[in-house]
Amino acid sequence: SPRSQHQVSQEFNLIGKLGDRFDYVAGLFYFKERSREYSQQFPVIALPPPFPPAAVPLLGLMDYMHESESKAAFAQATYDLTDRLSFTGGIRYTEDQKKLDQVAPFLRTLNRDFSQFNWSATLDFQVNDAFMTYARAATGYKAGGVNARSINSGYEPEDLTSFELGAKSELFDRRLRLNAAIFYVDHKDMQLQQFVAGSRGATSNTVNAGKAEYKGIEAEFEALLTDGLTLSGSLGYIDREFKQFLIRDPATNLLVDVASTAHFTYSAKETASAALQYDLPRFSIGQLSGRLEYNYRSKVYFQPTLIGTPLNESIPGAARSLLDARLTFADVSVGVAKASFALWGRNLTDEEYRVHGIDFGSLGYAGNVYGEPRSYGIDLIFSF
């Protein structure tokens, strides 16, 4: 087949307890992946009027095999300092190997090895039986690698350090669950895609070109309004800022820092959701429930800069709101099986919204992929 992918993963855990105050878990992790692609690309060329854009078979063959292997050892322990105050610490050591054997459009073999030590520390305080607060600091790591569609020889890992303060609660005799957190993230050596378009088709470079800071807040709730009627929802806000975003300007062939104007891609500044669900008293033959869901996402960009993608400001995804509904009759006995029947509708307001966009830069055009229109369906699920 033109594309194939196979992977295997395995994890071993040792979980235990020492005395009444010390809990621990230690383990080993292994992951192996092999992928293969052989495909001919057909770029769309913008022809002059009155001719429409047309797909022409330019030389765009992708032929490669990629291997990825990851091994890790980790441990985490929690110690109860008092009956209400606990400390949790964790460590992890990771080794990653990436290999690319490529025939087209470049003949090359690339090998990259990476390793990283990460840690986390959490202090949580149980104020009372209904309210808990915590503070957490942690580091994170994303392996570097090689990209068959990138004209460079690979990219380095990216690292982040995060800090979080939060609270979790169950109030009013556990009829209201309310959780909230504020966070700060320092992100370094960001792996960024830099789009390159030419007469032989489109490619991109994956490079370590960015530094960024994030500050935000998240909150979620679930409330049992009456027996059987549940209201839940979430809110999210993130204030993000690039501290560095280096990109090569094709007009001058020089690296420029566009941190002040660059966008974070496929990521909204504000998000919100809400759901109302009613579970009727159980019938002798099954359980009937209805659910109404609302989901909001603010504006998103699909490319980070105007350099190389001059139409980027014309193709972002505007803020959108989606409304879905579902009616389910579950736990129905059908012979020796249990069945679930559901009638659902998605995007009930038939909102038109963009989910993807690409700017072909020097080819002179850009395009969008839109989300599904209003749709309806029936699900039938049997379990034995």
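1. The model is predicted, and local features are taken from parts with pLDDT of at least 70. The protein has 20 strands and zero helices. Its C-alpha trace spans about 65 × 50 × 45 Å along the principal axes.

2. Burial and surface. Of the 384 residues, 34% count as buried.

3. Contact range. Taking contacts between residues at least 6 apart in sequence, 60% join residues that are at least 24 apart.

4. Nonpolar surface patch. L327, V334, V336, F341, L343, I378, L380, F382 and F384 form a nonpolar patch on the surface, and together they have about 1,000 Å² of accessible area. Strands β16 (320-334), β17 (337-346) and β20 (375-383) are the elements that give two or more residues to this patch. The most comes from β20, with three residues.

5. L380 is placed in strand β20. Is L380 buried or exposed? Its relative accessible area is 53%, and the cut-off for exposed is over 50%, so L380 counts as exposed.

6. Aromatic pairs, overview. How many aromatic pairs does the structure hold? There are eight aromatic pairs. A pair of aromatic rings is described by the distance of the centres and the angle of the planes.

7. The pair F22 and Y24. These two rings form a tilted aromatic pair, 6.4 Å centre to centre with 35 degrees between the planes. F22 is partly exposed, at a relative accessible area of 28%. Y24 also counts as partly exposed, at 28% relative accessibility.

8. The pair Y266 and F302. This aromatic pair is tilted as well, with 5.1 Å centre to centre and 55 degrees between the planes. Y266 lies in the loop between β13 (254-257) and β14 (270-279), while F302 lies in the loop between β15 (287-297) and β16, so the pair ties together parts that are 36 residues apart in sequence.

9. Ring cluster. Which residues do ring pairs link into a cluster? The cluster is made of Y214, F242, F245 and F264.

10. Charges over rings. The charged end of R320 sits over the ring of Y353, at 5.7 Å from the ring centre. For R346, the charged end sits over the ring of W344, at 3.8 Å from the ring centre.

11. F131 in its setting. F131 is found in strand β8 (residues 131-142). With a relative accessible area of 31%, F131 is partly exposed. Apart from neighbours within four places in sequence, F131 is in contact with F125, Q126, A167, K168 and S169. F131 and L225 are 94 residues apart in sequence, and their C-alpha atoms are 20 Å apart in space.

Definitions and conventions:
Residues numbered from 1 in each chain as written. Predicted model: local features only at pLDDT ≥ 70, side-chain atom pairs only at ≥ 80, totals over all residues. Heavy atoms only, no water. Helix = DSSP H or I, 4+ residues; strand = E, 2+ residues; numbered from the N terminus. Buried < 20%, exposed > 50% of the residue type's maximum accessible area, 1.4 Å probe, protein only. Contact = heavy atoms within 4.5 Å. Patch = residues over 30% accessible without salt bridge, like charges linked within 9 Å, V, L, I, M, F, W, Y side chains within 5 Å. Areas by Shrake-Rupley, 256 points an atom, 1.4 Å probe, with all protein chains shown as cover. Salt bridge = Lys/Arg side-chain N within 4 Å of Asp/Glu carboxyl O. Phe/Tyr/Trp six-rings, centres within 6.5 Å; stacked < 30°, edge-to-face > 60°. Lys NZ or Arg CZ within 6 Å of the ring centre and 35° of its normal.
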